[in-house]
Amino acid sequence: MKRLPLVAAVVLALAFASSSLLARDYLQNAQFRVAWKDESMGTFANPAAWSSDRGVLYWVEDQEDSEALVNIRERDGLWRLELAVTTERQAILFAAHNDTDAMWAVRTGLARDVVPGYEGDYPDAAVVCMIPRGARRNAWRCYWGTALMLNDAWDQDGNIPAKYFQPYRRCQGLFESLVALGQPEVPTFGGRPASQCPPASASPPLPEGWIEPDQ
């Protein structure tokens with residue numbers, strides 16, 4: 001599989017900002033917009049027959065074999081973002097609040113394909129990496145698994161909590177075991193013991209802060 005680097009423009013392309021340039025799906029009475037792209041094939045996914053105001057089922061090659069489910073719903077005064085994928089190919093989700101334009105980029109795939117310079121013990125394990133638009137490149141967060149349950153993706157006003165813009169540096173191969181963020185916090189498992197992590201001076205360059213979707 002060809003590896004696509006986790007390096008892209010810091011500013012989001014106008015292709016996603018303009019409703020006339022990129023098809024996308026709207027959720028929660030058009031408060032949110034989402035688009036899911038299979039990076040392995042370089043194409044945006046299609047919504048399946050099932051979709052609702054809360055979620056969209058996506059497919060890329062075969063409508064009978066859906067590959068991703070995106071769901072946005074309110075919970076305890078916050079907006080919850082849920083993503084589940086069934087493919088190991090590289091893919092990316094863009095999800096934004098329409099009033100504030102606060103947007104998430106979420107990448108999925110194998111650790112060796114998604115994480116730059118990955119040298120951990122599980123190169124063929126699936127990971128989820130996420131970052132909010134406008135965050136510095138060291139705010140990338142990566143987690144083991146194929147499902148994201150981000151309990152506080154946006155607050156009631158449509159803003160992404162400030163904590164997700166903070167640096168989040170982990171050594172290669174050491175990620176959270178399950179993506180269920182917000183409250184409660186999830187402990188860290190898997191990857192490599194801290195004693196095997198290289199010193200900060202030996203770490204590879206950090207990825208850029210954002211990903212630019214192709215038109």
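Tyr 164 is buried, at 4% relative accessibility. The model described here is predicted. Tyr 164 pairs with another aromatic residue, Trp 104. A search of the whole structure finds four aromatic pairs.

**The Trp 104 and Tyr 164 pair**
- The two rings sit 5.2 Å apart, centre to centre.
- Trp 104 belongs to strand S9, which covers residues 103-110.
- Tyr 164 lies in the loop between strand S12 (147-154) and strand S13 (179-181).
- The pair links distant parts of the chain, 60 residues apart.
- Trp 104 counts as buried, with 1% relative accessibility.

**The search and the Trp 36 and Tyr 58 pair**
- The search of the whole structure gives four aromatic pairs.
- The ring centres of Trp 36 and Tyr 58 are 6.3 Å apart.
- Their planes are at 25 degrees, so this pair is stacked; the cut-off for stacking is under 30 degrees.
- Trp 36 is in strand S2 (residues 32-38), and Tyr 58 is in strand S5 (residues 55-59).
- The pair therefore ties together parts that are 22 residues apart in sequence.
- Trp 36 is buried, with a relative accessible area of 1%.
- Tyr 58 is buried too, and its relative accessible area is 1%.

**A cluster of rings**
- Phe 32, Trp 79 and Trp 154 form a cluster.
- Ring pairs are what link these residues.

How values were computed: Residues are numbered from 1 along each chain as its sequence is written. This is a predicted model: local features need pLDDT of at least 70, side-chain atom pairs count only at pLDDT 80 or more; totals for chains, interfaces and linings use all residues. Side-chain values use heavy atoms; hydrogens and water are left out. Rings of Phe, Tyr and Trp (its six-membered ring) pair if their centres lie within 6.5 Å; planes under 30 degrees apart count as stacked, over 60 as edge-to-face and the rest as tilted. Helices (H or I, at least four residues) and strands (E, at least two) are DSSP runs, numbered from the N terminus. Buried means under 20% relative accessible area, exposed over 50%, partly exposed in between (1.4 Å probe, protein chains only).
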